Amino acid sequence: MTERMIENRIKKLSALEEQIAQLQEQADAIKGELKADLEEKGLDELKTKNFLIRWKEIVSSRLDGKALKAALPEIYSQYCRQTSSRRFTIA
């Protein structure tokens, strides 16, 4: 690709990412309205003709890595594993 083509692709990508952000804000607002309606009705599940809406509390247990590292650093290092990934950025 030429430098001009790259510049145009980056501009198009930027515009698309802005649209995605705007659409995500709209979707989040609608989800917020639905959640508020469920809470107002005191429900965690609501069935309509075509949809089933759930807004339930989920409890899960997770390992606190910071606390484990502070309390038992040798065990933490024994079970700690490294991962690698690649990061794509445009500045």
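These legends walk through several close-up views of a predicted model.

**View 1. Confidence along the predicted chain.** The protein chain averages a pLDDT of 96, and 100% of the residues score at least 70. Where is confidence lowest, and where is it highest? Helix H3 (residues 73–79) has the lowest confidence, with a mean of 94, while H1 has the highest, at 97.

View 2. Ile 6 belongs to helix H1, which covers residues 3–41. Its relative accessibility is 38%, so Ile 6 counts as partly exposed.

View 3. How many salt bridges does the model have? The count comes to three, and this view shows the one between Asp 37 and Lys 41. Their side chains meet at 3.0 Å, taken from N to O. Both residues lie in helix H1, four residues apart, which is about one turn of the helix. Is Asp 37 buried or partly exposed? Asp 37 counts as partly exposed because its relative accessibility is 27%. Lys 41 counts as partly exposed too, with a relative accessibility of 48%.

**View 4. Arg 54 and Glu 45 side by side in a salt bridge.** The side chains of Arg 54 and Glu 45 meet with an N to O distance of 2.9 Å. Arg 54 has a relative accessible area of 53%, so Arg 54 is exposed. Glu 45, at 32% relative accessibility, counts as partly exposed.

**View 5. Lys 56 reaches the salt bridge partner Glu 45.** In this pair, the closest N and O atoms are 3.4 Å apart. Which parts of the chain does the pair link? Lys 56 sits in the loop between strand S2 (52–54) and helix H2 (65–71), whereas Glu 45 sits in strand S1 (residues 45–47). The two residues are eleven apart, and the pair links distant parts of the chain. Lys 56 counts as partly exposed because its relative accessibility is 42%.

**View 6. The salt bridges joined together.** Stepping back from the previous two views, you can now look for the three residues as a group. Glu 45, Arg 54 and Lys 56 are linked in a network of salt bridges. Glu 45 pairs with Arg 54 and also with Lys 56.

Definitions and conventions
Residues numbered from 1 in each chain as written. Predicted model: local features only at pLDDT ≥ 70, side-chain atom pairs only at ≥ 80, totals over all residues. Heavy atoms only, no water. Buried < 20%, exposed > 50% of the residue type's maximum accessible area, 1.4 Å probe, protein only. pLDDT = per-residue confidence, 0-100. Salt bridge = Lys/Arg side-chain N within 4 Å of Asp/Glu carboxyl O.
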